[in-house]
Amino acid sequence: MEHQLSPAEIEALALRIDRPVVLVGMMGVGKTSVGKRLSALLHMPFVDADEEIERAAQMAIPEIFERFGEAYFRDGERRVIARLLDGPAESRPKVIATGGGAFVNEQTRALVLDQGIAVWLDSDIEVLLERVGRKDNRPLLKQGDPREILTRLKAERESAYAQAPIHVKSGQGPHGRTVVAILEAIDQWL
Ligand code: S3P
């Protein structure tokens, strides 16, 4: 079954959410796919921070990294996420998927923790590897062996991700299960 919470319970939960729900975690964990499903169930807008960065820069992410470097990208990422988190009260509830490094940046993390509900989506390396293999648009994975890079980044980033108040594991199974786990975790946390 896709979700245990009834539509009425999900609707009641959505009404209690007054801030953006911000998905953080490693590349390949499924932040965008899960975020889209979550936003549909909650009847809230979905925004993908990476897409917004590309729109603002008028450039694809690999090109930003190539031409200007990672530090420049992180700066743009922080500004875009600040804008997405901000806004009038009635348009604040939404689901934001962030890029894997966003929450590792101290300033971006502080903004998200202050203004959003941060949800750490977490998977094993095997699951991440399988999922990142489907796309070829991640500059950090082009710098060597993807397994080694993901293993190193996961270890380096875990203490930052762990600062999110909500931690949800996403396994091999369908994303629908992860979405339910997120809804239940937010319900308990609020
Ligand atoms: C990055 C993850 C990417 C993207 C950029 C850097 C990272 O987003 O922001 O390539 O540092 O982990 P996804 O997590 O959506 O792949």
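Which elements each supply at least two residues of the lining of the largest cavity? They are β4 and α8; helices (H or I, at least four residues) and strands (E, at least two) here are DSSP runs, numbered from the N terminus. Before going further: this is a predicted model, where local features need pLDDT of at least 70 and side-chain atom pairs count only at pLDDT 80 or more, while totals for chains, interfaces and linings use all residues. Residues are numbered from 1 along each chain as its sequence is written, and side-chain values use heavy atoms, with hydrogens and water left out.

**Stop 1: the cavity.** Select Met26, Val29, Trp120, Leu121, Asp122, Ser123, Leu128, Lys154, Glu158 and Tyr161, which line the largest cavity. On a 1 Å grid over the protein atoms alone, a cavity is a set of points where a 1.4 Å probe fits but cannot get out, a pocket is an open set with protein on both sides within 12 Å along at least five of seven lines, and lining residues have an atom within 4 Å of a point. The volume of the largest cavity is about 30 Å³, taken as the space filled by probe spheres set on the points, which are joined across faces, edges and corners. Its lining has 6 nonpolar, 1 polar and 3 charged residues (Ala, Val, Leu, Ile, Met, Phe, Trp, Tyr, Cys and Pro count as nonpolar, Asp, Glu, Lys and Arg as charged, the others, Gly among them, as polar).

**Stop 2: the rings.** Show Phe65 and Phe73: their ring centres are 4.9 Å apart and their planes at 40°, so the pair is tilted. The rule: rings of Phe, Tyr and Trp (its six-membered ring) pair if their centres lie within 6.5 Å, with planes under 30 degrees apart stacked, over 60 edge-to-face and the rest tilted. Now go back to Trp120 and Tyr161, a tilted pair at 6.0 Å centre to centre with 35° between the planes. Trp120 sits in strand β4 (residues 117-122) and Tyr161 in helix α8 (residues 146-161), so this pair ties together parts 41 residues apart in sequence. Both Trp120 and Tyr161 are buried (under 20% relative accessible area; exposed is over 50%, partly exposed in between, with a 1.4 Å probe and protein chains only).

Stop 3: Colour α2 (31-42), α3 (49-57), α4 (61-68) and α5 (70-85) to see the elements giving two or more residues to the pocket lining. That lining divides into 12 nonpolar, 10 polar and 13 charged residues.

Stop 4: Select residues 125-132: 6 of the 8 residues of helix α7 are buried. What covers them includes α8 and α9 (175-189). Then find Ser170, in the loop between β5 (166-169) and α9. Is Ser170 buried or exposed? Ser170 counts as buried, at 3% relative accessibility. Among the residues Ser170 touches, not counting those up to four places away in sequence, are Val127 and Arg131 (contact means heavy atoms within 4.5 Å).

**Last stop: the tail.** Leu190 lies in the segment after α9. Leu190 is partly exposed, at 32% relative accessible area. Leaving aside neighbours within four places in sequence, Leu190 is in contact with Leu13, Arg16, Ile17, Arg19 and Ile117.
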